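Subject: Structure for you to look at

Hello,

Here is the structure I said I would pass on. Please open it first, then read the notes below alongside it.

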Amino acid sequence: MFKIVAGLLLIATLCMTGPSAFALEKDTANFEKSSSNAFAPTFGPTLPPVGYVNYCERYQRDCQPLGGSRYRLELTPERWKLLGEVNSFINTSIVPESDQDLYAMPERWEIPTAAGDCEDYVLLKQRYLEGLGFPVETLLITVVLDESGEGHAVLMVRTDRGDLVLDNRRSAVLLWSDTRYEFLKRQSQENPQLWVALTRKTRRGELNIAGGGH
């Protein structure tokens, strides 16, 4: 836990200087070119992952309604840099490990201190960024299918430049439509226990998806 706290302090110090505005424009120029693909569409309510439901039963304070906001974060150069730093730091600080190996059970969502699977990375990134001043209603746990059709979880950050994805499988922060994933569902901005569909297709493995992947 000391390593995680020290990393948080280091990131907070680094972001005080921030990158140039040019760096932000260079890295996000494609957002403006494909504005129609910048924001993930939603298609009504859907079921939350079972692992998240169980997590909320244990940690009710982390799952409280957020007051109905649909706010999009202003993506300043400092925030853009900070997203990349938090993503890279947590990806290299947490060792990928299955729930079966860690807890002797197929699915358990936890905020990791040393090891975890994909949704555990997401929970930690969500908590880090909230602690650094990012509005929690813009930090949304999201369920996808990866290139192999396997369930995976990422953190979607809703910004005025588009919906960005923080992923434990890569250090780069990408626009959601550039990830090559099939997006299934994410948390609602109004209430983290309510989830919305990101596709009109029938969701495969609705009850068990987004957990268990690395």
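This is a predicted model. I begin with its largest pocket, where helix H3 (50–58), helix H6 and strand E4 each give at least two residues to the lining. H6 provides the largest share, with four residues. The volume of this pocket is about 280 Å³. Its lining has 19 residues, and those closest to the centre are Asp62, Cys63, Gln126, Glu130 and Val136. By type, the lining splits into eleven nonpolar, four polar and four charged residues.

Strands of a sheet pair through backbone hydrogen bonds, either parallel or antiparallel. Here the pairing is antiparallel, and the sheet is open, with seven strands in the order E1-E9-E8-E4-E5-E6-E7. Strand E1 (45–46) and strand E7 (174–175) are at the edges with a single partner strand each, so one side of each has no neighbour in the sheet. Lysine 185 is opposite alanine 197 of E9.

Last, the aromatic rings. The whole structure contains six aromatic pairs. One of them is phenylalanine 89 with tyrosine 128: the ring centres are 6.2 Å apart and the planes are at 25°, so this pair counts as stacked, the cut-off being under 30 degrees. Phenylalanine 89 is in helix H4 (residues 77–93) and tyrosine 128 is in H6, so the pair ties together parts 39 residues apart in sequence.

Regards

Terms used: Residues are numbered from 1 along each chain as its sequence is written. This is a predicted model: local features need pLDDT of at least 70, side-chain atom pairs count only at pLDDT 80 or more; totals for chains, interfaces and linings use all residues. Side-chain values use heavy atoms; hydrogens and water are left out. Two strands pair if DSSP finds at least two bridges between them. On a 1 Å grid over the protein atoms alone, a cavity is a set of points where a 1.4 Å probe fits but cannot get out, and a pocket is an open set with protein on both sides within 12 Å along at least five of seven lines; lining residues have an atom within 4 Å of a point. Grid points are joined across faces, edges and corners, and a volume is the space filled by probe spheres set on the points. Ala, Val, Leu, Ile, Met, Phe, Trp, Tyr, Cys and Pro count as nonpolar, Asp, Glu, Lys and Arg as charged, and the others, Gly among them, as polar. Rings of Phe, Tyr and Trp (its six-membered ring) pair if their centres lie within 6.5 Å; planes under 30 degrees apart count as stacked, over 60 as edge-to-face and the rest as tilted.
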